[in-house]
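Begin with the overall picture, then move to sheets and helices.

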Amino acid sequence: MYSSKNRPIVDLTNGDLRARIRFCAETGQIWLHEHRMLLVHAEAQGTLRRELISALGMDRTRGLLTQMGYAAGMIDFELARTRTRGDDDLEAFMAGPQLHMLEGIVKCTINTLEYNREAGTFYGDFLWEHSWEAQWHRDHFGTYSEPVCWSQIGYACSYASAFMGRPILFKEVECAGMGENHCRIIGKPLEEWDDAKEYTRFFIRESIAEQLIDLQTQVVQLRSAINEKEKLPADVVGNSASFLAAYELLQQASKSQITVLLLGETGVGKEVFARSLHEMGSRCSESFIAINCAAIPHDLVEAELFGVEKGAFTGALSSRPGRFERANDGTLFLDEVGDLPLSAQAKLLRVLQEGEIERLGDLRTRKVNVRLVAATNVDLKQMVKEGKFRADLYYRLNVFQINIPPLREREADVTLLANRFLEKYSAIHGKKLLGFTDKAKRAIFAYHWPGNIRELQNMVERGVILAPNGTRIEVDQMFSSYNDQTLEFGIDGNGGINIDRPEPKNDIFDAVLNGDMTLDQCEARLIQAAVDKAKGNLSSAARMLGLTRPQLAYRLGRLHESASPNHNSALSFVQTI
Ligand SMILES: [Zn+2]
């Protein structure tokens with residue numbers, strides 16, 4: 001049994017530890033008894049500590065340094081054992097703190113030390129001054145909220161545990177790193193601490209590399225889960241009768257190699273349908289290649305479809321396969337097929353008839369085995385009549401037609417799809433949201449979705465991005481037109497997202513150009529919108545339109561006179577003023 005209070009540590013100059021240090025300049029070694037030591041710049045050690053913190057964070061660095069200190073404590077205990085052979089017990093224990101001082105780490109003074117090795121009791125209360133770790137941490141990070149002498153505490157724990165032959169846990173109850181003048185540590189057998197677990201976790205070695213690989217694997221799995229979901233049920237979600245009818249046809253077509261023509265408005269999900277057809281069919285393990293004929297300049301579309309040989313035209317610097325070759329044994333999806341120029345239509349027809357392609361500038365023909373799925377949102381039959389689309393190609397493509405209904409005819413599916421997109425984009429953007437507000441739900445249901453599923457998808461994505469974590473998506477986070485402010489994210493007429501400002505509503509322009517609306521009706525709509533926005537204030541509405549109030553009044557009067565009974569809806573405001 002040993003007990004000591006407020007006893008200074010034995011003066012090292014009188015001890016023999018110092019005498020055991022040997023500098024062997026000629027061999028480039030420093031020895032402390034039989035252990036090789038290093039004389040390291042404190043600042044360099046500090047750099048390592050800083051790098052660890054920035055790479056691994058405070059918590060992991062704390063664990064790592066605690067373990068490093070723990071290892072040092074074990075070795076010093078080995079060393080201490082060699083110099084005490086059942087001598088003064090205090091001297092036996094104090095070798096550890098002395099070594100710690102000798103190594104330049106901290107000055108240690110006993111406040112209280114009581115232990116009985118046979119009975120296994122231990123209580124140690126020490127004062128630490130000039131702690132290197134505390135000083136460094138304070139210099140670099142300012143005063144910290146928790147003790148920072150991580151490797152030193154690891155050292156104390158392992159040394160005392162080895163000395164006692166049972167786990168002793170030391171805690172820093174005061175630390176200079178937290179702004180105090182000194183550090184103070186208290187050590188007791190592990191089981192006497194109620195909160196031991198909070199500390200012992202820092203002694204558990206964890207392989208960071210393994211954790212990283214683990215996380216990486218998880219990320220890959222999650223991503224592929226998202227992708228898998230995306231392939232089938234994903235955007236091909238629906239319960240409405242019109243959708244199910246189209247899907248039924250798709251399933252039938254997937255059992256054969258028949259050429260499929262998908263019809264539907266922009267944004268109804270034609271590519272998703274085409275991809276599903278591919279996934280359900282026998283070619284699912286081969287490539288699915290999509291090309292949007294409207295997105296490629298006419299003079300390049302043939303090279304893109306059929307490939308090109310080096311030198312075939314200026315700019316053809318190397319030979320490359322076209323989409324047909326890349327889709328060999330798989331599926332080729334030709335979107336907006338109505339936009340193909342006539343010369344490309346002729347070549348396409350030949351490929352379909354003969355099953356072989358010729359790259360541009362090449363005399364060789366190559367066999368291709370491709371399942372073709374075409375899609376269009378225009379009336380191909382009409383184009384045939386106008387001589388803009390080859391009749392023979394039309395009949396070749398129009399073997400098995402599937403009409404994909406617009407979203408406004410799929411009332412039952414809108415909510416289903418919105419929830420599906422919410423789930424998808426929350427995962428992609430790492431957001432945790434509670435869903436949609438009731439108002440947003442109603443707006444989703446009421447809106448007529450001219451841009452179809454693509455518009456819905458983009459609006460939900462915008463909502464997911466704008467809504468803060470833990471909240472519900474609000475109306476104005478999805479629909480810019482529901483409030484007056486211009487949002488950062490706009491939706492264009494095709495349902496595409498544009499980040500800077502909302503695009504003008506192209507559907508009105510289309511309506512005028514297609515003859516569905518007259519210019520006068522268009523003007524009436526615009527004027528109505530301005531009057532609505534000005535809440536009936538004509539002066540303000542006139543300012544918005546760049547007109548004087550009398551000019552606006554004149555136009556209103558004119559529209560009123562010319563309004564036929566059919567146009568009442570567009571001019572309803574006229575009766576109200
Ligand atoms: Zn400290």
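The paragraphs below go from the whole chain to its sheets, and then to single helices.

This is a predicted model: local features need pLDDT of at least 70, side-chain atom pairs count only at pLDDT 80 or more, and totals for chains, interfaces and linings use all residues. Residues are numbered from 1 along each chain as its sequence is written. The predictor's confidence in each residue, pLDDT, runs from 0 to 100. Its average over the protein chain is 82, and 84% of the residues score at least 70. Residues 482-492 fall below 50, yet this stretch has 25 contacts in the model beyond near neighbours in sequence. Residues 495-504 are also below 50, with 26 such contacts. Two residues are in contact if their C-beta atoms, placed from the backbone, lie within 7 Å.

The protein chain holds 22 helices and 19 strands. Both are DSSP runs numbered from the N terminus: helices are H or I with at least four residues, strands are E with at least two. Of the 577 residues in the protein chain, 30% are buried. Buried means that 20 or more other C-beta atoms lie within 10 Å of the residue's own; exposed means 12 or fewer, and partly exposed is in between, with C-beta atoms placed from the backbone. Now consider contacts between residues at least 6 apart in sequence: 65% of them join residues at least 24 apart.

Two strands count as paired if DSSP finds at least two bridges between them. Angles run from 0 to 180 degrees between N-to-C directions, and axes are lines fitted to C-alpha atoms, for helices over the stretch in contact.

Follow the pairings across this sheet. Strand 10 pairs with strand 11 (residues 331-335) through five bridges, in the parallel sense. Here Ala 290 sits opposite Phe 333 in strand 11. Strand 9 runs parallel to strand 14, joined by four bridges. Strand 9 also pairs with strand 15 in the parallel sense, again over four bridges. Which residues flank Leu 261? In strand 14, Ala 374 stands opposite Leu 261; in strand 15, the bridge partner of Leu 261 is Gln 401.

Another open sheet has three strands, in the order 2-3-4, with antiparallel pairing. Strand 2 (21-24) and strand 4 (35-37) are its edge strands, each pairing on one side only. The twist averages 30° from one strand to the next. Strand 3 (residues 29-32) and strand 4 run antiparallel and are joined by three bridges. Leu 32 stands opposite His 35 in strand 4.

Next comes helix 11 (residues 342-354). Its 13 residues reach 18 Å from first C-alpha to last, close to the 18 Å expected at 1.5 Å a residue. The expected span is 1.5 Å times one less than the number of residues. Which residues of helix 11 are buried? They are Ala 344, Gln 345, Leu 348 and Val 351. These cover an arc of only 125° around the axis, which puts them on the same side of helix 11. The arc is that of the directions from the helix axis to the C-beta atoms. The buried residues pack against helix 9 (298-306), helix 10 (323-326), strand 12 (356-357) and helix 13 (391-397). On the other side of helix 11, Leu 342, Ser 343, Gln 353 and Glu 354 are exposed. Gly 355 follows helix 11, with a positive phi near 70°.

Helix 3 (residues 132-141) has Glu 133, Ala 134 and His 137 as its buried residues. They span an arc of only 95° around the axis, which puts them on the same side of helix 3. Their packing partners are helix 4 (150-164) and strand 8 (183-189). Gly 142 follows helix 3, and its phi is positive, near 75°.

Finally, look at Leu 249 in helix 7 (residues 241-254). Leu 249 is partly exposed, because 19 other C-beta atoms lie within 10 Å. The C-alpha atoms of Leu 249 and Phe 400 are separated by 8.9 Å, though the two residues are 151 apart along the chain.
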